[in-house]
Amino acid sequence: MAKITYIEHNGTEHVVDVPTGLTVMEGARDNGIPGIEADCGGACACSTCHVYVHPDWVGKLPGKEEMEEDMLDFAYEPDPERSRLTCQLKVSDALDGLVVQMPEKQI
């Protein structure tokens, strides 16, 4: 289980416990967190689960695979360093304390 903080674009914070083995996207979906649409259901076929990872976490996450990089090209205002697709972030104990912020909108 990892405690993950999801921050809406307006600054509203949601701190939830997400079970190990789920993705950060599934944690948002299962807890009704607004701002992560996940239109493709986690297949890395859209960019509607795009977030900005807190700077302290950028170097602690596994690297982006090519498919994620390609999908981020379609995200709203992607940041080359901080943008991630939450469907590609598998929850483990190592992610306890992760902080992500949603963009203004998903496209």
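Student: L89 first: buried or exposed?

Tutor: L89 counts as buried, at 2% relative accessibility. Buried means under 20% relative accessible area, exposed means over 50%, and partly exposed lies in between, using a 1.4 Å probe and protein chains only. The model is predicted, so local features need pLDDT of at least 70 and side-chain atom pairs count only at pLDDT 80 or more, while totals for chains, interfaces and linings use all residues. Residues are numbered from 1 along each chain as its sequence is written, and side-chain values use heavy atoms, with hydrogens and water left out.

Student: Where does L89 lie, and which residues is it in contact with?

Tutor: L89 lies in the loop between β4 and β5. Leaving aside neighbours within four places in sequence, L89 is in contact (heavy atoms within 4.5 Å) with L22, T23, V24, L61 and R84.

Student: Which way does β1 run against β5?

Tutor: The two run parallel: three bridges join β1 (residues 2-7) to β5 (residues 99-101). Within β5, V100 is the bridge partner of Y6.

Student: What about β3 and its pairings?

Tutor: β3 pairs with β4 in the antiparallel sense over three bridges, and Y52 has S83 as its bridge partner in β4. Two bridges join β3 to β5, again antiparallel, with V100 of β5 as the partner of V53.

Student: Are the faces of β3 covered or open?

Tutor: Both faces are covered. H50 and Y52 lie on one side, V51 and V53 on the other, and all of them are buried. In a regular strand the side chains alternate between the two faces of the sheet.

Student: Which residues touch the most other members of the largest nonpolar core?

Tutor: I4, Y6, V24, I36 and L98 do, in a core of 28 residues. Such a core is a set of buried Ala, Val, Leu, Ile, Met, Phe, Trp, Tyr and Cys residues joined through side-chain atoms within 4.5 Å. The elements giving two or more residues to this core are β1, β2, α1 (24-30), β3 (50-53) and α2. L98 touches K3, I4, T5, V24, V53, W57 and L61, not counting residues up to four places away in sequence.

Student: Changing topic: how many salt bridges are there?

Tutor: There are three, a salt bridge being a side-chain nitrogen of Lys or Arg within 4 Å of a carboxyl oxygen of Asp or Glu. R84 and E68 form one, at 2.8 Å from N to O. That pair links distant parts of the chain, R84 in β4 and E68 in helix α2 (residues 66-72), 16 residues apart. R84 is buried at 5% relative accessible area, and E68 is buried at 2%.

Student: And the other pairs, D17 with K3 and D30 with R29: what are their distances?

Tutor: D17 and K3 have their closest N and O atoms 3.1 Å apart. This pair joins strand β2, which holds D17, to strand β1, which holds K3, across 14 residues. D17 is partly exposed at 42%, as is K3 at 39%. For D30 and R29 the N to O distance is 2.9 Å; D30 is partly exposed at 47%, and R29 is partly exposed at 47%.

Definitions and conventions:
Two strands pair if DSSP finds at least two bridges between them. Helices (H or I, at least four residues) and strands (E, at least two) are DSSP runs, numbered from the N terminus.
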